[in-house]
Amino acid sequence: MAVTGAVMVLFLVLHMLGNLKIFLGKDSFNEYAHALRTLLEPLLPYRTVLTVLEVVLVASVVLHMWAAISLSRRAGKARPVKYVAKKSQAAGYTTHIMRWGGVTIALFVVWHLLDLTFGVVNPKGFDSAPADRMIAGFEPSRWWVTLIYIVAVVMVGLHLRHGVWSAVQTLGWANSTRNKVLRLSAGLLSAVLVIGFLAPPLAITFGVVK
Amino acid sequence: MNLTLKVWRQSGPSDKGRMVTYKVEDVSPDMSFLEMLDVLNERLILEGDDPIAFDHDCREGICGMCGMVINGVAHGEQRATTTCQLHMRHFEDGATITIEPWRAAPFPVVKDLVVDRSAFDRIIQAGGFVSVPAGSAPDAHSIPVRKEDADAAFDAATCIGCGACVAACPNGSASLFTAAKITHLSLLPQGQPERLSRAKAMVDQMDAEGFGGCTNTGECTAVCPKGIPLDAIARMNADYLKANAK
């Protein structure tokens, strides 16, 4: 969970920085998208680096889900008889939404790829420029798409608020003296990602970026 | 105080079990939770009923025998307190209290609120010891130990093995218990030679017993009567990872 999660968090940071290029203009965004595909060319063929990254990401997603499902199955087996009354004593609500939050995020990723990567549910379709797909996808009349993104991104933020610290704990680097800083960093990183990911769609929906 | 208790009754390991409601009257607020159950049991015996079976021994909060899930919380809502040290003054007159045994597949119910915690013994047997002739207590300064390490080792060693961590964990994990036992030895010089093999053996035994995996929810440390911190689990994870990397 920890290692695959870390891979995905690194991806999210890069993804967010890429998204923010829309504020530098459509051309900047399109050039960035093109650069991702031509990275290390002509040393390597077109789209090599990106394909490798995609394989690593898909593997991380699959392993992350496999780990989550096996943990959840073990938990079910370890407590065959449920409590009549059970009250949580640990601080924070984020730990309670990890599993369903993960499912929500997985469903969103499917929609997200259909929308902006493959253009299936995007008004501009697959053959358009990335920036056009992005702007058409979040135009004011498609406010409900923006709403889906808000829900999903907030879910990612909550997932990471527990997830980032949890990964550090799982790898054995956490302790009481570091925990304050670690938990604060996890919260800060989550907040930065949520703001960074929500800024472009909101700016487009409200007509700031056209 | 007058109370309504909803207690898990199960005549034996093969019985399905059910919640049974009892009224208890004239409970003194100064009674411990176990004394309140003693009063109910005396009445049940006089009425010819089977008394409620529950584990208890020292009734001083140091032996680790007692433990039940009270209103959905292992050892009740009073923090850092065993069931025997929980007093009735923390409950309101007229309250309804649900009482259940620890719930975990590796802790099968023996009877009513008594569960079999031998799984913990087998985890200790897998590596919770030092293979050196320890003899009698050594002189205090014969082997130097950093004050911080001594304190942390002692804190971990206060684990009484009651099993509340397992009971509270949504995954039914025994990580806090196992980690406390690993930490208490791994911080001291005597525990160093077997540090990694111990972590591996104990964690593997914990998994073999059928406990769930840790997802760092922190429910365990919140109910632990000794307040064992999650640090112990991080330390166990680090040692376990190192042991597997070798």
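**Charges, fold and interface of chain A**

In this predicted model, chain A carries 20 positive and 8 negative side chains, and the centres of the two sets are 26 Å apart.

Trainee: Which pattern does chain A follow along the sequence?
Mentor: The pattern is α-α-α-α-α-α-α. Chain A has seven helices and zero strands.

Trainee: What share of chain A is called buried?
Mentor: Of the 210 residues in chain A, 38% are buried. Each of them is called so because its relative accessible area is under 20%.

Trainee: Why is the pair E77(B) and K87(A) called a salt bridge?
Mentor: The closest N and O atoms of E77(B) and K87(A) are 2.6 Å apart. The limit is 4 Å between a side-chain nitrogen of Lys or Arg and a carboxyl oxygen of Asp or Glu, so the pair of E77(B) and K87(A) qualifies. The count between chain A and chain B is two salt bridges.

Trainee: How many residues of chain A are in contact with chain B?
Mentor: 32 residues of chain A are in contact with 42 residues of chain B. Contact here requires heavy atoms within 4.5 Å.

Trainee: What area do chain A and chain B bury between them?
Mentor: About 2,800 Å², with 47% of it on carbon and sulfur atoms. R79(A), Y83(A) and Q89(A) supply 23% of the area that chain A buries against chain B, more than any other three residues.

How values were computed: Residues numbered from 1 in each chain as written. Chains lettered and ligands numbered in written order. Predicted model: local features only at pLDDT ≥ 70, side-chain atom pairs only at ≥ 80, totals over all residues. Heavy atoms only, no water. Helix = DSSP H or I, 4+ residues; strand = E, 2+ residues; numbered from the N terminus. Buried < 20%, exposed > 50% of the residue type's maximum accessible area, 1.4 Å probe, protein only. Lys, Arg positive; Asp, Glu negative; His and termini not counted. Charge placed at Lys NZ, Arg CZ, Asp CG, Glu CD. Buried area = accessible area lost by both parts, 1.4 Å probe.
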